[in-house]
Amino acid sequence: MLIASVFTARRVAALRPAVEAAVTRLLDGMAEQGADGSPVDFMDAFAFRLPVGVICELLGVPERDRYRFRALASDLTAVLEISGDLGELTEADRAADELSGYFTELAAERLARPQDDLVSDLARIAAEDSVRLSAEELPANLVLLLVAGFETTTNLLGNGLSLLFRHPGAAAGLRNGAVTPAGFADEVLRFDSPVQVTERVALEEGLSVDGLPTPLGGTVTLLIGAANRDPARYERPEVFDPTRTDSRPLSFGGGQHFCLGSRLARLEAEVAVPALLDRFPRLPRAASPPGGTAWSCGAMRRCR
Ligand code: HEM
């Protein structure tokens, strides 16, 4: 409840000026980096820095610490993929321990010297009422907020730019108003969801999903990416069409665990994409993305 209160419609809307200022600053940085014609890594210079900056401001993570989180979050989120790779899971455990240790220390610092941020608020609550928030839950929640707060949005921005490269009509539509920033963000979320799966655990006996019994404690894996392209729900689901009016992507999950940061993620995308197109009217891709797929390609060259 306490964490949810930071992400209400009103409080997120109030963050718009700060998000706009951050977008302008990062676009300036990209223009500077590419001023001599050299390629700029969009994923690092923008797609990572925007959401990590916003969530770290809310949490109260000092600026000097923010840029080490990208690799750690990438290691940690291996647990969210469907993979049996034990090496990856070991790395994920190591990243979880490091992040948890970081937030345990930061929370202790903020308890001693509180500031106007979420780490201070949560550290105070945990100190006052360990039933409401235990010593283990405190860093676990902070790590969740940090990682959930930027990794997914980074990939939304990267997937969005990749789709703009592949669909120049979408960029033209955004420029002339035929495509709205919100409609574009929704269709990127539907077509290429940054989160592909989520899970539920059966907490009661006798449950079933689509006729299949789910034993107590059993896990159900929900394929968000597949649901977003359900032919029974969408006409021509395999086509990227940001002018759709019926797009309701399941990319933020649903029900009790629906993503707390969905409004913030949408706000960041809706501010960032038009500003990027405005700032760099021609936006050529500097290279193909690593691995040869078009996914999450962020390399671009300044061209003005
Ligand atoms: C494009 C960006 C994002 C996507 C695609 C995304 C997706 C998701 C998904 C699929 C879930 C699980 C929902 C379920 O199982 O029903 C989730 C949960 C969550 N997300 Fe996000 N998220 C994004 C951005 C954010 C941001 C910016 C924040 C924080 C500021 C955030 C915080 C959370 C939290 C705290 C939860 C756990 C909620 C709970 O278990 O009650 N997310 N998100």
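A residue is taken as buried if 20 or more other C-beta atoms lie within 10 Å of its own, as exposed if 12 or fewer do, and as partly exposed in between, with C-beta atoms placed from the backbone. On this count, buried residues make up 34% of the 304 residues in the chain. The structure is a predicted model, in which local features need pLDDT of at least 70 and side-chain atom pairs count only at pLDDT 80 or more, while totals for chains, interfaces and linings use all residues. Residues are numbered from 1 along each chain as its sequence is written.

Confidence comes next. The pLDDT, the predictor's confidence in each residue on a scale from 0 to 100, has a mean of 91 over the chain, and 93% of the residues reach 70 or more. Residues 292-304 have a pLDDT below 50, and this stretch has 53 contacts in the model beyond near neighbours in sequence; a contact is a pair of residues whose C-beta atoms, placed from the backbone, lie within 7 Å. Where pLDDT is low, the predicted coordinates should not be read in detail.

As for the overall fold, the chain has 12 helices and 6 strands, assigned as DSSP runs (helices H or I, at least four residues; strands E, at least two) and numbered from the N terminus. The radius of gyration is 20 Å, close to the 19 Å of the globule rule for 304 residues, so the chain is as compact as a globular protein of that length. That radius is taken over C-alpha atoms, and the rule is 2.2 Å times the number of residues to the power 0.38. Along the principal axes, the C-alpha atoms fill a box of roughly 55 × 55 × 40 Å. Of the contacts with a separation of 6 or more, 66% join residues 24 or more positions apart.

The ligand has 23 residues around it, and Ala148, Thr152, Gly253, Cys259 and Gly261 come nearest; a residue is near a molecule if its C-beta atom, placed from the backbone, lies within 6 Å of it. Helix H8 (137-166) and helix H12 (262-279) each supply at least two residues of this shell, and H8 gives the most, with 7 residues. By class, the shell has 13 nonpolar, 10 polar and no charged residues. Here Ala, Val, Leu, Ile, Met, Phe, Trp, Tyr, Cys and Pro count as nonpolar, Asp, Glu, Lys and Arg as charged, and the others, Gly among them, as polar. Threonine 8 is found in the loop between helix H1 (2-6) and H2, and counts as exposed because it has 11 C-beta neighbours inside 10 Å.

In H12, the buried residues include Leu264, Leu267, Val271 and Leu276. The buried residues of H12 pack against helix H2 (9-14), helix H3 (16-33), helix H4 (42-59), H8, helix H9 (168-176) and helix H10 (181-191).

Leucine 99, placed in helix H6 (residues 86-112), counts as buried because it has 23 C-beta neighbours inside 10 Å. Leaving aside residues up to four places away in sequence, leucine 99 touches Leu72, Leu76 and Val143.

Finally, aspartate 210, in the loop between strand S3 (207-209) and strand S4 (212-214), has a phi near 50°, a positive value in a residue other than glycine.

How values were computed
Two residues are in contact if their C-beta atoms, placed from the backbone, lie within 7 Å.
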